[in-house]
Amino acid sequence: MEPDPLAPLRRFADPGLLILSSLAEGEKHGYAISHDIERFSGQRVGPGTLYGALGRLEGRGLIEPTTPEGRRRPYRLTGAGRAALRTQLASLKEFSTIGLRRLGEA
Amino acid sequence: VSRPGAPVWLLRLAALYPRRWRDRYGEELAALLEEQRATPALIVDLLRGALDAHLHLGELVPEAPEPALRRAAGTLVQALALALLAVAAMTKATEDGNLATDAASDAARAGSALAAAGALALAAPTALGLLAAASRARRRPPWAIVGMAVPAPLFLGVTIGLSALAPGLGGVTATIAFWGWALAGAVAVAVTARTCGTAVRKRAPHELLAGLWPAAWVTAAGVLLALAGVTAWSLSALTTEGGVALGGVPASLIASASTVASVAATALVWRSVRAGQTARGALAADR
């Protein structure tokens with residue numbers, strides 16, 4: 001089994017996955033990320049949690065900041081971030097497939 | 001910029017984050033908060049974020065190895081002062097009783113000696129840092145030198161003066177004189193530690209600190225031994241009936257304060273030595 005690249009993020013692992021998913025469609029700044037996450041997942045990620053997760057993702061080289069737009073700084077996925085997201089989503093897909101099969105819905 | 005619900009006090013909550021964190025993310029956080037409405041959930045989230053930033057600052061905003069090493073050494077100097085106060089308080093609290101003869105007090109003394117040996121080796125970068133601070137001060141008074149050199153002799157003078165006066169003092173006057181003397185000692189240690197810690201953090205040559213870091217481990221080992229002794233010693237004093245009163249205060253109360261100081265100093269010492277070791281490793285890897 002491949003090691004989980006988001007495991008060291010502890011309670012920030014879930015927001016981290018949401019952020020990576022949000023950035024998968026292109027670079028975004030903090031407000032746009034939090035708005036996008038709420039739109040596609042229904043979850044509100046508060047500013048403290050958002051920047052806790054952004055800092056950890058940046059520290060692990062999974063995302064990187066781009067040129068600031070005024071006071072806002074957009075972030076984008078790195079190659080490692082894209083790979084980590086792919087691994088996580090594949091794992092979730094497998095989990096989801098097994099769960100649905102056991103429910104007789106797939 | 002529209003501000004649908006960001007009162008000024010909400011923006012000011014960002015000040016609860018550590019400075020280094022604010023330097024990196026502060027503007028972004030402020031821009032984000034300006035778009036938010038102040039709700040209890042948002043406030044709790046912000047407070048949790050600030051606590052997390054304090055607890056995991058090194059993980060969230062990694063510091064360059066050189067300042068990280070100097071910061072760790074500076075914190076170690078200040079932790080030494082706290083340890084010194086804990087040992088001194090316990091020694092004084094129990095010197096008139098029969099509580100200072102067990103193995104715990106011996107451990108505290110042996111640890112203190114070991115810590116002193118390590119600290120002497122670490123005095124070199126401190127001294128260089130202070131000299132650098134003094135040379136940069138130019139026309140201003142070299143406060144670093146004043147802060148290091150003045151408090152200890154001043155306290156020694158106060159101690160000698162009070163020793164001469166003590167036989168003539170009695171009752172409330174003697175109690176006030178004792179606590180004045182104890183407070184002066186604590187202030188002298190605190191000022192010296194702050195001055196030295198700041199000088200190390202800002203000016204000490206990191207190459208020298210990296211070379212001397214094994215001495216920091218010796219110091220830490222001594223401090224940890226001393227503090228373990230003080231904690232055991234304090235706990236034994238706390239459970240001994242009829243603790244000796246010191247300057248009108250039961251020795252048990254001083255032992256409690258000493259225990260708290262010991263635990264805090266232990267955490268600081270351990271954290272700073274490990275942080276310094278990590279920074280030293282990063283410096284070595286950079287070369």
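Residues are numbered from 1 along each chain as its sequence is written, while chains are lettered from A and ligands numbered from 1 in the order in which they are written. Because the model is predicted, local features need pLDDT of at least 70 and side-chain atom pairs count only at pLDDT 80 or more, whereas totals for chains, interfaces and linings use all residues; side-chain values use heavy atoms, with hydrogens and water left out.

Chain A has 4 helices and 2 strands, where helices (H or I, at least four residues) and strands (E, at least two) are DSSP runs numbered from the N terminus. Read from the N terminus on, the elements of chain A follow the order α-α-α-β-β-α. Of its 106 residues, 41% count as buried, a term that means under 20% relative accessible area, with exposed meaning over 50% and partly exposed lying in between (1.4 Å probe, protein chains only).

In chain B, helix α3 (residues 40–55) comprises 16 residues and spans 23 Å from its first C-alpha to its last, close to the 22 Å expected at 1.5 Å a residue, the expected span being 1.5 Å times one less than the number of residues. Its buried residues are B:Leu42, B:Asp45, B:Leu46, B:Gly49, B:Ala50, B:Asp52 and B:Ala53. Seen down the axis of α3(B), these residues fall within an arc of 165 degrees, so they line one face of the helix; the arc is that of the directions from the helix axis to the C-beta atoms. B:Pro40, B:Leu51 and B:Leu55 are exposed on the other side of α3(B). The buried residues pack against α3 (47–59) of chain A, together with α1 (8–12), α2 (19–33) and α4 (57–60) of chain B, contact meaning heavy atoms within 4.5 Å.

The contact between the two chains takes 23 residues from chain B and 25 residues from chain A. The area buried between them is about 2,000 Å², of which carbon and sulfur atoms give 47%; buried area is the accessible area (1.4 Å probe) that two parts lose on being put together, summed over both. B:Glu28, B:Leu32 and B:Glu59 supply 27% of the area that chain B buries against chain A, more than any other three residues.

Across this interface there are 8 salt bridges, each a side-chain nitrogen of Lys or Arg within 4 Å of a carboxyl oxygen of Asp or Glu. On the side of chain B that touches chain A, the elements giving two or more residues are α2, α3 and α4 of chain B, and the largest share, 10 residues, comes from α2(B).

Among the salt bridges, B:Glu28 meets A:Arg73 (3.3 Å, N to O), and A:Arg56 pairs with B:Glu59, the closest N and O atoms being 3.5 Å apart. A:Arg56 lies in helix α3 of chain A and B:Glu59 in helix α4 of chain B, so the pair joins two chains. A:Arg56 is buried, with a relative accessible area of 1%, whereas B:Glu59, at 22% relative accessibility, counts as partly exposed. The side chains of B:Glu27 and A:Arg71 also meet in a salt bridge (3.0 Å, N to O).

Within chain A, A:Asp36 and A:Lys28 form a salt bridge (3.7 Å, N to O), and both residues are buried.
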